[in-house]
Amino acid sequence: MKYRRLNEGELKDLEQDFVRFLASNQITASDWEKYKEEGGEKVNGLIELFSDQVFDKVFDKLEYLEFKTINDIKTFHCQKDKIVMMGLFVEGHAQIDFSKNQGAEDIMQAVKTSGAAVKIYTAEKTYKGDRNQELFKMMENGCLISKDGALYKTLFSLKGQ
């Protein structure tokens, strides 16, 4: 198994996709019921294979990740060959909490009105191994998917200023 097994809730949400997966592997509904009754490795193996395929599809399309703490934001642009990080750090004590679920505009407004000293930083690296495996590890360590990359793009645009 490359990643982790999808939990029951995730499998429930992907039920139609799982049915299509079984059909593409020539497993009928009656075959699946029989496998479940017998229990064991066949059922687990199919769920694990399906889980890996789901994660691979997600990571193949994934472009941006974010990791937020109270005074630090790290945003990542996950390109094919490398990952570029843009960060924003609040120095000293400020009444800003980046860990709250806020959009790019709200975060930048909070920074402007706080008067806090901020530092924008950047780094990049090539993937050490399999791209999807690295992205999975980042998510397991707390990174969240950013659908539009708005915060990364905002920080990137401020980098040159």
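Seven helices and five strands make up the secondary structure of the chain in this predicted model. Along the sequence these elements run in the order α-α-α-α-β-β-β-α-β-α-β-α. The radius of gyration of the chain is 21 Å, whereas a compact globule of 161 residues would have one near 15 Å.

**Dimensions**
- Taken along the principal axes, the box filled by the C-alpha atoms of the chain is roughly 65 × 30 × 20 Å.

**Burial, surface and contacts**
- Of the 161 residues in the chain, 34% are buried.
- Counting contacts in the chain between residues at least 6 apart in sequence, 71% link residues at least 24 apart.

**Charge**
- The chain carries 24 positive and 27 negative side chains.
- The centres of the positive and negative sets are 5 Å apart.

**Backbone at Gln26**
- Gln26 lies in the loop that connects α2 (15–24) to α3 (29–38).
- Although Gln26 is not a glycine, its phi is positive, at about 55 degrees.
- The relative accessible area of Gln26 is 71%, so this residue counts as exposed, the cut-off for exposed being over 50%.

Methods: Residues are numbered from 1 along each chain as its sequence is written. This is a predicted model: local features need pLDDT of at least 70, side-chain atom pairs count only at pLDDT 80 or more; totals for chains, interfaces and linings use all residues. Side-chain values use heavy atoms; hydrogens and water are left out. Helices (H or I, at least four residues) and strands (E, at least two) are DSSP runs, numbered from the N terminus. The radius of gyration is taken over C-alpha atoms; the globule rule is 2.2 Å times the number of residues to the power 0.38. Buried means under 20% relative accessible area, exposed over 50%, partly exposed in between (1.4 Å probe, protein chains only). Contact means heavy atoms within 4.5 Å. Lys and Arg count as positive and Asp and Glu as negative; His and the chain ends are not counted. The place of a charge is taken as NZ of Lys, CZ of Arg, CG of Asp or CD of Glu.
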